[in-house]
2 protein chains.
Amino acid sequence: MNEALPPGSVIGILGGGQLGRMLALAAARLGLSCHIYDPAPAPPAAQVAAACTTADWEDAEALEAFARAVDVVTYEFENVPTAALDRIEAIRPIRPNRRALATSQDRLTEKAFLEDCGLAVAPHAAVSSRDELGAALEEIGTPSILKTRRLGYDGKGQARITDPARADAAWEAVSGAPSVLEGFVEFGAEVSVIGARGVDGQVACFDPGVNRHEDGILRTTTVPAGLPVALLTDAVLLTGKVLNALDYVGVIGVELFVTPGGLVVNEFAPRVHNSGHWTQTGCAICQFEQHVRAICGWPLGDGARHSDVVMENLIGADVDRVPELAASGAALHLYGKAEARPGRKMGHVNRITGPA
Amino acid sequence: MNEALPPGSVIGILGGGQLGRMLALAAARLGLSCHIYDPAPAPPAAQVAAACTTADWEDAEALEAFARAVDVVTYEFENVPTAALDRIEAIRPIRPNRRALATSQDRLTEKAFLEDCGLAVAPHAAVSSRDELGAALEEIGTPSILKTRRLGYDGKGQARITDPARADAAWEAVSGAPSVLEGFVEFGAEVSVIGARGVDGQVACFDPGVNRHEDGILRTTTVPAGLPVALLTDAVLLTGKVLNALDYVGVIGVELFVTPGGLVVNEFAPRVHNSGHWTQTGCAICQFEQHVRAICGWPLGDGARHSDVVMENLIGADVDRVPELAASGAALHLYGKAEARPGRKMGHVNRITGPA
């Protein structure tokens with residue numbers, strides 16, 4: 001499938017959360033329809049998609065029927081089980097490709113890949129036993145963070161180590177799973193680049209945004225980032241390097257630390273990314289449409305920024321602010337989730353702060 | 001229902017064409033879902049709506065079940081049969097209200113209403129018989145246009161009269177239906193204003209755009225309109241007058257002729273309007289979201305224009321230009337229609353031409 005999928009084609013999306021939902025809305029603008037696959041019934045994306053399969057990741061029959069019903073498959077989260085992907089890929093192409101997915105699924109593989117690209121990453125060491133954790137702590141020092149190589153669905157599996165004597169507790173916190181010990185990176189800012197690469201190798205990046213987190217969850221992304229142009233250009237160029245090295249097709253989100261010694265790559269997500277939501281209001285073509293265009297073999301769209309934007313996530317009880325936010329003049333996005341649990345992303349707000 | 005409908009509420013939309021589709025996409029952004037009612041199976045809007053009823057306008061049971069399944073009802077075209085509206089309104093509010101709909105459904109009522117508002121309309125006379133046509137021609141003169149008071153679903157029922165001797169042919173062309181003879185208005189430009197009014201009476205208008213037609217179908221809308229500011233201000237003010245006079249809730253499209261003597265109102269459509277599609281790319285809040293906000297009792301959004309835009313309709317075989325347009329850097333919108341018949345609106349393109 002090297003030609004552009006014509007309007008009327010069907011995109012299969014693994015995962016039906018807010019990212020799948022906004023992909024489906026973008027696909028609809030281009031006359032493409034979406035089929036969601038999600039183990040949970042009635043996921044947010046299903047409300048705006050032409051079809052939805054509710055089945056487990058182990059349901060071979062459902063996976064194969066899903067694959068046959070669509071023209072191309074993409075995903076809204078990177079932890080889709082490998083066996084499920086194998087079944088689907090035997091029938092339809094998966095974009096971004098398996099290598100991008102496999103690389104991002106394993107922190108150690110990811111760091112090795114980024115270093116192979118000539119990019120700076122945090123000092124780190126592989127840890128597969130309690131003994132190796134001791135050796136790694138001697139090499140990397142403290143403060144450092146022990147992280148499981150693979151993420152569970154709940155995003156847990158991290159332990160901060162400020163004192164080598166607390167190594168046992170950290171090893172317990174990751175349940176003895178294969179892990180990476182990462183040295184603490186002193187950074188002044190976190191920047192992310194939302195990049196895209198087409199089937200033909202065309203690359204386009206949105207302007208980098210600066211991120212602010214609270215309690216480990218993205219709170220705001222601001223563009224322009226207010227950082228030196230040379231640094232932002234570096235950020236865009238290294239994103240292009242990653243995209244090309246992976247022979248990537250689709251949108252990627254690359255998170256970078258701005259340190260006194262230059263940019264350090266934190267990680268990348270092989271999908272549309274929360275820090276790219278501002279593009280819905282700041283650009284003629286948003287990250288979701290850009291992803292749809294790329295995976296369907298269409299030319300990439302114009303991601304030029306026409307406005308300065310601050311994106312703010314609405315998390316948990318933030319949703320109670322909706323009446324006030326609706327009246328604030330900002331562009332409001334709600335994900336159609338019925339229950340506002342603490343830490344749950346319920347929506348976001350894009351506020352134009354001026355012309356670009 | 002004077003309070004704002006909370007996220008999760010359901011909007012019923014009468015008609016499932018492209019306007020209904022784009023309303024459903026805008027509603028989804030706000031966490032609202034849509035239920036489409038359309039006599040035709042699988043209409044474009046159904047692909048992105050949570051529910052769709054396929055039933056005739058005469059199907060009382062289906063209409064009542066639809067009304068009970070939703071929280072508020074709106075429409076994407078103004079020729080919904082009155083009896084259907086009566087059944088629905090007994091159960092749920094219809095917005096914009098019945099008076100707006102009734103006024104716009106009948107050209108004579110519409111002109112009388114506009115004149116009552118103190119606005120200029122084309123010279124015209126009621127024609128309900130062949131004899132009255134003769135008298136009207138003496139009063140209005142030629143060239144003039146005989147138009148049926150009510151539109152059929154096919155948008156036909158017009159005859160241009162350049163010579164009073166051809167009156168018989170014109171009378172036949174409108175099948176002897178109650179009609180209006182309109183004098184020809186010499187105009188330099190056609191402008192339209194997309195206005196909105198909330199449940200609380202708040203009024204907001206988008207910047208007026210200038211329209212170009214080909215073969216009686218809108219071809220392009222351009223903003224800014226490139227006309228004197230005083231004239232555009234008048235256009236916005238008179239739209240506000242119409243909205244208030246009708247106690248209107250929702251988005252309206254008002255078409256105006258720019259004549260040497262000032263603005264003449266051609267007609268208004270009590271719904272989102274093709275000439276407002278540019279707002280999807282030129283404003284943070286588009287006409288579709290503005291309509292959804294209004295009919296759901298939400299505050300109106302910020303319709304300020306951040307960019308200059310040219311909107312071009314894709315009609316019939318224009319859809320063959322999609323590959324080229326997709327690569328043009330413009331924002332493409334396709335309506336999910338399978339068959340490209342001549343004159344059929346298949347999509348549109350919004351091109352940013354500069355900062356506002």
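## First stop: a loop residue in chain A

Select S175(A). It lies in the loop between α7 (167-173) and β8 (179-183) of chain A. Keep in mind that this is a predicted model. Look at the backbone of S175(A): phi is positive, about 55°, although the residue is not a glycine. Is S175(A) buried or exposed? S175(A) is exposed, because its relative accessible area is 65%.

Now jump to A42(A). Its place is the loop between β2 (33-38) and β3 (51-54) of chain A. A42(A) is not a glycine either, and its phi is positive, near 50°. With 67% relative accessibility, A42(A) counts as exposed.

## Colour the domains

Colour chain A by domain. The assignment gives domain 1 (10-94), domain 2 (123-183) and domain 3 (189-355).

## A helix pair

Show helix α2 (residues 60-69) and helix α3 (residues 82-89) of chain A. Their axes come within 8 Å and cross at roughly 40°. The pair α2(A) and α3(A) is therefore oblique. Which hand does the crossing of α2(A) and α3(A) have? It is right-handed.

Next, bring up the side chains where the two helices meet:

- On α2(A), select A60(A), L63(A), E64(A), F66(A) and A67(A).
- On α3(A), select A84(A), R87(A) and I88(A), which meet the α2(A) group.

## A covered helix

Move on to helix α4 (residues 98-105) of chain A. How many of its eight residues are buried? Six are, and the helix is mostly covered. Select the buried ones in α4(A): R98(A), A100(A), L101(A), T103(A), S104(A) and Q105(A). Then show what lies over them. The cover includes β4 (72-75), α3, α5 (107-116) and β14 (262-269) of chain A.

## Cysteines

Select every cysteine and look for disulfides. A disulfide is a covalent bond between the sulfur atoms of two cysteines. A search of the whole structure finds zero of them over all chains.

A disulfide would need the two sulfur atoms within 2.5 Å. C205(A) counts as partly exposed, at 24% relative accessibility.

Now centre on C296(A). C296(A) is in no disulfide either, and its nearest cysteine sulfur belongs to C34(A), 8.1 Å away. C296(A) has 0% relative accessibility, so this residue counts as buried.

## Cis peptides in chain B

Finish in chain B. Select T142(B) and P143(B). A cis peptide bond joins them, with omega about -5°. P143(B) is in the loop between α6 (130-140) and β6 (144-148) of chain B.

Then select V223(B) and P224(B). What is omega for the cis peptide bond that joins V223(B) and P224(B)? Omega is about 0°. Look for P224(B) in the loop between β12 (217-223) and α8 (229-245) of chain B.

Notes:
Residues numbered from 1 in each chain as written. Chains lettered and ligands numbered in written order. Predicted model: local features only at pLDDT ≥ 70, side-chain atom pairs only at ≥ 80, totals over all residues. Heavy atoms only, no water. Buried < 20%, exposed > 50% of the residue type's maximum accessible area, 1.4 Å probe, protein only. Domains from an automatic or database assignment. Axes fitted to C-alpha atoms, helices over the stretch in contact; angles between N-to-C directions. Helix = DSSP H or I, 4+ residues; strand = E, 2+ residues; numbered from the N terminus. Parallel < 35°, antiparallel > 145°, perpendicular 65-115°, else oblique. Left-handed = near helix turned anticlockwise from the far one by under 90°. Contact = heavy atoms within 4.5 Å.
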